[in-house]
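Good morning, and thank you for coming. May I ask you to look at the sequence and the structure on the screen while I speak?

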Amino acid sequence: MPKINRDGVQIYYEVHGSGPPLILTHGYSSTSEMWQGQVEALAKQHKLVLWDMRGHGRSDYPADAGAYSEALTIADIAALLDAIGTERAIVGGLSLGGYMSLAFYLAHRERVRALVLCDTGPGYRNPEGRAVWNRRAEKQAVNFEQNGLAAASQSPEVRATLNDHRSAMGLAHSGRGMLAQFDSRVIDSLADIRVPALIVIGERDEPFMAGSRYMANKIPDARLELIAEAGHSSNMDRPEAFNRVLIEFLRALP
C-alpha cells in the first residue's frame, strides 16, 4: 500500500491507469473506497489518484487534534501530486472532498487544470450560517467520541466504507479541524476561478442543491449536471450516469 509521510503522518493513496492526472477526494467519514464505481471507467484515459484523508481509512489517525485542518489537507493534496510526479492535475471530490478541492485551488491555482465538485458547497459568507454548520460538525465529533463508529451517518458513501476506519477519534478530530469552517475565503473566491468546473449533484440532495446552483452561477466556466434518482452520494447511487457526465466533461477539457 503506497503512503507518503507528512511530518510523521502516513497518508494512504493509490494510483490507477495512466494519462492526464485526476485526483479525487472522498467525503467526511468516508474513504477512497467510495470511488470504486469510477475506477475502471476513469483509469482508461487518466492517471486516477484516490486517497484517504488523515483520520480516515488507511491513513494515520494522529492523537493530536492540531494535526487536522483545512491547511494540512490542502498540503496533503499538494504532496500527493508531488509523489506521483505531476505539477498540475484535475482536482475534485465529493462533499468535504469537493470543498477541499476549492480550497486547494485557492491556495495552488497554478496546479489545477479543472475542478470536479460533487454534492458539495462553497461554505458560508454569512457568519450565522457558518455557526449553524459548525454546531453540526461539533455535534458529530462528540457523537463519534461517545459512541464510536456507530455514530456514522446513514449516507451510502459513509456506510459502505465504515469498516475501513480503524478509529472513531480520527473522525472526531476531523470534524472539528477539517469539517468545521472558520472564514468565507472559499466562497468569496468563486468568481475568480479561471479553470473549467464541473458541478455534479444528485437531484435528491436537497441540502446541497442551493450551494451547487450558487457555485454554477458564480464560477465563470462552470457546468451544472443533475444526476436523476440520486442523493448525496451521486457517484454511488447512479455510477453509470455519473461516469458518463464526468467523462464527457473530461474529454472536452482544453
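Predicted model: local features only at pLDDT ≥ 70, side-chain atom pairs only at ≥ 80, totals over all residues.

Setting aside residues up to four places away in sequence, Ser101 touches Val91, Gly92, Gly93, Leu115 and Leu117. Ser101 itself lies in helix H3, which covers residues 96-107. Is Ser101 buried or exposed? Its relative accessibility is 0%, so Ser101 counts as buried; the cut-off for that word is a relative accessible area under 20%.

Let us turn to the strands beside this serine. Strand S5 covers residues 89-94. How many of its residues are buried? The count is 6 of 6, and S5 is therefore largely enclosed by the rest of the structure.

Which strands pair with S5? One partner is strand S3, residues 21-25, which runs parallel to S5 and is joined to it by 4 bridges. Within that pairing, Leu22 stands opposite Ile90 of S5. Another partner is strand S6, residues 112-118; here too the sense is parallel, and there are 6 bridges. In this case Gly93 has Leu117 of S6 as its bridge partner. You will recall both names, for Gly93 and Leu117 are among the residues that Ser101 touches.

My next residue is Leu80, which is found in helix H2, residues 70-83. Leu80 has a relative accessible area of 0%, and for that reason it is buried. What does Leu80 touch, if we again leave out residues up to four places away in sequence? The contacts are Ile4, Tyr13, Ile23 and Trp51. For a sense of scale, consider Leu80 and Ser167, which are 87 residues apart along the chain; their C-alpha atoms are separated by 23 Å.

Strand S2, residues 9-16, is mostly covered, with 6 of its 8 residues buried. Strand S1, residues 3-6, pairs with S2 in the antiparallel sense over 4 bridges, and Ile4 stands opposite Ile11 of S2. The two strands form a hairpin with 2 residues between them. In that turn, Asp7 has a positive phi of about 55 degrees.

S2 also pairs with strand S4, residues 47-51, in the antiparallel sense and over 4 bridges. There, Tyr13 stands opposite Trp51 of S4. Both Tyr13 and Trp51 are touched by Leu80.

Finally, let us consider the chain as a whole. It contains 10 helices and 8 strands. Of its 254 residues, 57% count as buried. Why may we call the overall form consistent with a compact globule? A compact globule of 254 residues would have a radius of gyration near 18 Å, and the chain has 17 Å, which agrees. Along its principal axes, the C-alpha trace spans about 45 × 40 × 35 Å.

Among contacts with a separation of 6 or more, 75% involve residues 24 or more positions apart. The accessible surface comes to about 10500 Å², and 49% of it belongs to carbon and sulfur atoms. As for charge, the chain carries 27 positive and 30 negative charges, whose mean positions are 2 Å apart.

Thank you for your attention.

Notes
Residues numbered from 1 in each chain as written. Heavy atoms only, no water. Rg over C-alpha atoms; globule rule 2.2 N^0.38 Å. Buried < 20%, exposed > 50% of the residue type's maximum accessible area, 1.4 Å probe, protein only. Contact = heavy atoms within 4.5 Å. Areas by Shrake-Rupley, 256 points an atom, 1.4 Å probe, with all protein chains shown as cover. Lys, Arg positive; Asp, Glu negative; His and termini not counted. Charge placed at Lys NZ, Arg CZ, Asp CG, Glu CD. Pairing = 2+ DSSP bridges.
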